[in-house]
Amino acid sequence: MASHVESSAEAEAYTGALTARIIPITSHSMQQISPKLVKGAAALTRILRQSPATRPLVKTVPTIVAKTSNILAQRAAQEKAIAPQTAARVMAAETYKVLGNPMICVQTLIRSSDAASKVTKRSPAKT
């Protein structure tokens, strides 16, 4: 959805709302770090939307956020404190893993398109 909207502000809002739903708030550490993840996802969306060539890659942001939040949730479950710098490093690493590898990037885009088509399928018309 964020890749199809007109303005960057609207795309960032969609990404922020989706990010907030993806992040598992299972501990105090995750609760504290979730605003930083939302801000990071919005920044990534803004950067990817700047160029028409990278605009389709906005569809990878939910996967990047999900992978990042899963790693951070595992750390939180081990009762390790999560500093904002740690969250930023983990998100940067996951961004590089997805966008830096063409095979993973394509797989992520395909999965994203499949998921979007399942969500947006129209119900049969009533006759």
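Predicted model: local features only at pLDDT ≥ 70, side-chain atom pairs only at ≥ 80, totals over all residues.
Me: What secondary structure does the protein chain have?

Reply: Helices (H or I, at least four residues) and strands (E, at least two) are DSSP runs, numbered from the N terminus. The protein chain has five helices and zero strands. Local features need pLDDT of at least 70, and side-chain atom pairs count only at pLDDT 80 or more, whereas totals for chains, interfaces and linings use all residues. Residues are numbered from 1 along each chain, and side-chain values use heavy atoms, without hydrogens or water.

Me: What span should helix H2 have?

Reply: The expected span is 1.5 Å times one less than the number of residues. Helix H2 (residues 28–49) has 22 residues and should therefore span 32 Å, in agreement with the 32 Å between its end C-alpha atoms.

Me: Where does H2 bend?

Reply: A bend is the angle between axes fitted to the seven residues ending at a residue and the seven starting there. In H2 the bend is about 35°, at serine 34, and proline 35 follows within four residues.

Me: Which residues have the most contacts inside the largest nonpolar core?

Reply: In soluble globular proteins, nonpolar side chains tend to be buried together. A nonpolar core is a set of buried (under 20% relative accessible area, 1.4 Å probe, protein chains only) Ala, Val, Leu, Ile, Met, Phe, Trp, Tyr and Cys residues joined through side-chain atoms within 4.5 Å. Here the largest has 21 residues, and Met30, Leu37, Leu72 and Ile82 have the most contacts inside it. H2, helix H3 (61–77) and helix H4 (84–99) each give two or more residues to this core.

Key:
Buried < 20%, exposed > 50% of the residue type's maximum accessible area, 1.4 Å probe, protein only.
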